[in-house]
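Here is a short briefing on one helix and the strands around it. Have a look at the model first, then read on.

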Amino acid sequence: MVEWTHIPGLAPYAETLAAMEACAEAIARGEAEEAIWLLEHPPLYTAGTSAKAADLVDPERFPVYPVGRGGQYTYHGPGQRVIYCMLDVKARGGDVRCFVRDLERWVIDTLAEFNVVGEIRQGRVGVWVTRPDRKGPDGLPAEDKIAAIGIKLRRWVSFHGISINVEPDLSHFDGIIPCGIRDHGVTSLVDLGLPVTMADLDAALIRTFDAPRARTACPT
């Protein structure tokens with residue numbers, strides 16, 4: 001049983017982080033069900049455990065929160081769906097790499113609901129879309145990031161999770177080098193020309209959630 005919670009409005013970051021960690025601890029103690037929270041934050045930057053100071057281009061633009069999840073700098077703000085996943089990784093096979101791959105596949109399956117082809121790339125975290133209408137620095141079609149993934153485990157329970165860009169202000173990403181990747185851009189569902197609402201995305205996330213759990217082999 002996974003409890004889904006929609007948090008309305010713009011959830012304050014520090015308070016939400018504390019509540020998320022408390023939820024993960026309760027799950028680890030067997031006192032709560034697994035949980036997925038759907039929310040938005042006010043504009044802010046987070047620094048993962050691999051964040052590099054040089055990648056914070058504009059440190060005065062928005063509040064910056066050091067956090068314990070994996071990864072580097074990322075942005076959260078209105079128009080971006082944040083999906084915090086407090087899940088029992090041990091009960092789901094106990095393989096962290098496969099768990100992350102399942103989260104990526106969940107995002108890809110969700111994007112497919114809107115006829116968007118999401119892809120993963122070796123050496124790059126998150127989910128990407130190819131932009132045949134634009135050229136990248138290598139002369140090939142550009143690739144833009146549409147979703148970020150970063151988790152932490154405590155006593156085999158995950159927390160933090162996923163962010164998917166629905167209709168954020170993409171200029172807000174200019175204050176950082178997202179995930180340390182300089183040669184590629186950032187996009188959103190609306191930027192791709194799709195009139196997708198947050199409610200549309202939430203419904204697709206719920207519809208596709210069981211698909212990763214049904215697989216018996218770790219996706220490659």
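The buried residues of helix H1 are Tyr13, Thr16, Leu17, Met20, Cys23, Ala24, Ala26 and Ile27, where buried means under 20% relative accessible area with a 1.4 Å probe, protein chains only. This is a predicted model, in which local features need pLDDT of at least 70, side-chain atom pairs count only at pLDDT 80 or more, and totals for chains, interfaces and linings use all residues. Residues are numbered from 1 along each chain as its sequence is written, and side-chain values use heavy atoms, leaving out hydrogens and water.

**Helix H1**
- H1 covers residues 13-28, and its 16 residues reach 22 Å from first to last C-alpha, close to the 22 Å expected at 1.5 Å a residue; that expected span is 1.5 Å times one less than the number of residues.
- Helices (H or I, at least four residues) and strands (E, at least two) are DSSP runs, numbered from the N terminus.
- The buried residues of H1 pack against several strands, including E2 (34-40), E6 (80-86) and E10 (157-165).
- Just after H1, Gly30 has a positive phi of about 80°.

**Strand E6**
- Seven of the seven residues of E6 are buried.
- On one side these are Gln80, Val82, Tyr84 and Met86, and on the other Arg81, Ile83 and Cys85.
- In a regular strand, side chains alternate between the two faces of the sheet.

**Partners of E6**
- E2 and E6 run antiparallel, joined by five bridges; strands pair if DSSP finds at least two bridges between them.
- Leu38 has Ile83 of E6 as its bridge partner.
- E6 also pairs with E10 in the antiparallel sense, over five bridges.
- Ile162 in E10 is the bridge partner of Ile83.

Terms used: Buried means under 20% relative accessible area, exposed over 50%, partly exposed in between (1.4 Å probe, protein chains only). Contact means heavy atoms within 4.5 Å.
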